[in-house]
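Keep the structure open beside you and try each task before reading its solution.

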Amino acid sequence: MLNNALRQHWTLAWPLILANAATPLLGLADTAIAGHLPEPKHLAAVVVGAELITLVFWSCGFLRMGTTGLIAQASGRSIPSEIISIVANALTLAVLLGLTLIGIWWALESRIIAIANPEPAIAVELLDYLRIRIWTAPIVLATYVCSAYFIGQGMTRIALGLALGINLINIIANYILAIEFQMDTRGIALGTAFAECCGLLCALGLILKQQWTRQLWDQMHIRAVTIWHMLTLNLPLFLRTLILKGVFVMLTLHAASLGVTEAAALGLLLILLSTAAYALDGFAFASEIETGQSIGRQDRRSLYLSLWAGAIATALATIGIIVLYHFLAAELIAQLTIHEVVAIRATALLPWLYGILAVLAGSYWLDGVFIGLLRPTAMFVSMLLAGITWILGLWLFGTDRLDFLLAAFVLFGVVRTISLGAQLPRAITQSMR
């Protein structure tokens with residue numbers, strides 16, 4: 001039976017693995033093009049800017065995570081009208097939150113840049129990038145909801161097609177605007193924003209095509225009380241995401257204070273980590289689907305089989321990624337930038353990348369399980385403990401060398417994975433009542 005569970009898990013996961021591996025191409029395309037612009041400041045600005053804007057957007061990442069769990073459980077109960085209502089209310093919430101983020105950004109922009117304290121050579125380019133990307137906040141958040149719709153119902157091949165299409169548009173737009181039109185950092189930001197807009201339009205079109213009925217509007221049930229319930233239900237996920245992105249931003253900003261070379265080298269390392277993480281998230285998303293649908297049906301046997309399948313698949317995939325990076329990462333880094341000093345420094349950091357992947361892989365899978373269980377509080381507790389460990393690690397090792405920062409990050413990953421695993425038995429028991 002475990003073999004069947006592994007095959008089923010793989011059937012769900014492989015399109016998501018490809019889709020998630022394609023997602024960092026938004027970052028890879030930005031990085032590669034910025035790395036081939038005349039000065040290193042463009043690369044540093046895009047790396048730091050992408051990390052900051054991701055913090056802003058993923059502060060509302062619960063829209064993807066929480067909505068996936070709700071839709072997966074509704075799918076397990078086979079209630080189409082409930083799915084439509086969830087999507088409608090989540091999209092409404094996405095637009096409202098997106099507009100709120102734009103307002104907050106413009107009110108606090110100067111303070112955020114002051115906290116980041118980039119070198120003068122980076123500051124101007126960084127502001128150009130951020131001021132363009134922030135306007136797509138409602139679009140990006142609505143895309144999170146659309147993604148949750150397809151993933152929660154196991155429509156993984158559609159998710160793959162959308163991801164590939166968005167990334168193809170992004171690469172073409174970035175090249176034309178940044179290289180051909182010589183718009184540099186602004187061109188990269190505009191190209192990425194254009195790709196995000198195209199992705200949302202395609203996703204909404206597919207959802208309407210699948211769900212269109214004469215009673216569609218009546219089934220949406222857009223209500224303030226429902227939206228408020230979704231906000232309160234997902235508050236722990238919001239706080240958890242803030243801590244997670246805060247750790248990454250602190251890591252990036254501490255590196256930026258060490259100089260352009262250190263910031264750019266860390267940026268290349270984080271791109272490789274992000275690529276691996278998004279690939280591993282394919283198994284996590286498969287676990288979200290299987291866990292949520294098993295809970296919706298209250299099928300304990302299928303739940304346990306899917307848990308074993310997800311754990312085994314994640315472990316094997318992590319080993320494979322580390323081996324692949326061992327042979328190919330140095331060459332990939334060399335292709336991502338023309339600045340030799342940056343490439344040399346990033347290559348020297350690769351052993352840290354392998355260690356980080358080893359300690360974080362389990363947490364990626366467990367996040368998917370807890371989303372399917374709709375247990376966001378447990379995810380918040382785990383991230384809080386890991387975040388405290390990160391701060392202690394910075395105090396213990398110091399922040400005056402990039403290797404010290406990465407050592408603290410490894411401790412963060414260890415605590416995050418262990419604390420999630422320790423809470424799993426109780427979470428399963430509570431969900432199966």
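Contact here means heavy atoms within 4.5 Å. Helices (H or I, at least four residues) and strands (E, at least two) are DSSP runs, numbered from the N terminus. The model is predicted, so local features need pLDDT of at least 70 and side-chain atom pairs count only at pLDDT 80 or more, while totals for chains, interfaces and linings use all residues. Residues are numbered from 1 along each chain as its sequence is written, and side-chain values use heavy atoms, with hydrogens and water left out.

**Exercise 1. Find the residues that join helix 4 to helix 16, and describe how the two helices cross.**

Step one: pick out the contact. From helix 4 come Arg64, Met65, Thr68, Gly69 and Gln73, and they meet Ile371, Gly372 and Leu373 of helix 16.

Step two: sort these residues by class. Ala, Val, Leu, Ile, Met, Phe, Trp, Tyr, Cys and Pro count as nonpolar, Asp, Glu, Lys and Arg as charged, and the others, Gly among them, as polar. The contact of helix 4 with helix 16 then has three nonpolar, four polar and one charged residues.

Step three: look at the geometry. Axes are lines fitted to C-alpha atoms, for helices over the stretch in contact, and angles run from 0 to 180 degrees between N-to-C directions. Helix 4 (residues 62-76) and helix 16 (residues 350-373) pack with their axes 7 Å apart, at an angle of about 55°. Helix 4 is therefore oblique to helix 16; angles under 35 degrees count as roughly parallel, over 145 as roughly antiparallel, 65 to 115 as roughly perpendicular and the rest as oblique.

The crossing of helix 4 and helix 16 is right-handed. A crossing is right-handed if the near helix is turned clockwise from the far one by less than a right angle, and left-handed if anticlockwise.

**Exercise 2. Now work out how helix 4 packs against helix 12.**

Step one: take the axes. Those of helix 4 and helix 12 come within 9 Å and cross at roughly 140°. That makes helix 4 oblique to helix 12.

Step two: take the hand, which is right-handed for helix 4 and helix 12.

Step three: list the partners. Phe62, Met65 and Gly66 of helix 4 meet Leu237, Phe238, Arg240 and Thr241 of helix 12. Four nonpolar, two polar and one charged residues make up the contact of helix 4 with helix 12.

**Exercise 3. Describe the packing of helix 13 on helix 15.**

Step one: the axes of helix 13 (residues 260-297) and helix 15 (residues 340-348) come within 8 Å and cross at roughly 55°. The two helices are therefore oblique to each other, and the crossing of helix 13 and helix 15 is right-handed.

Step two: helix 13 brings Thr261, Glu262, Ala264, Ala265, Leu268 and Leu269 to the contact, and helix 15 brings Val341, Val342, Arg345 and Ala346. By class, the contact of helix 13 with helix 15 has seven nonpolar, one polar and two charged residues.

**Exercise 4. How many aromatic pairs are there?**

Step one: apply the rule. Rings of Phe, Tyr and Trp (its six-membered ring) pair if their centres lie within 6.5 Å; planes under 30 degrees apart count as stacked, over 60 as edge-to-face and the rest as tilted.

Step two: the count comes to seven aromatic pairs. Among them, Tyr149 and Phe150 are edge-to-face, with 5.1 Å centre to centre and 75° between the planes. Phe248, Trp390, Phe409 and Phe412 form one aromatic cluster.

Step three: check burial. Tyr149 and Phe150 are both buried, where buried means under 20% relative accessible area, exposed over 50% and partly exposed in between (1.4 Å probe, protein chains only).

**Exercise 5. Is Pro376 buried or exposed?**

Step one: Pro376 lies in helix 17 (residues 376-397). Its relative accessibility is 10%, so Pro376 counts as buried.

Step two: leaving aside neighbours within four places in sequence, Pro376 is in contact with Leu233, Pro236 and Leu237.

**Exercise 6. Where is Leu374, a residue with positive phi?**

Step one: recall the background. Most residues other than glycine have a negative phi.

Step two: Leu374 is not a glycine, yet has a positive phi of about 55°. Leu374 sits in the loop between helix 16 and helix 17, and is partly exposed at a relative accessible area of 23%.
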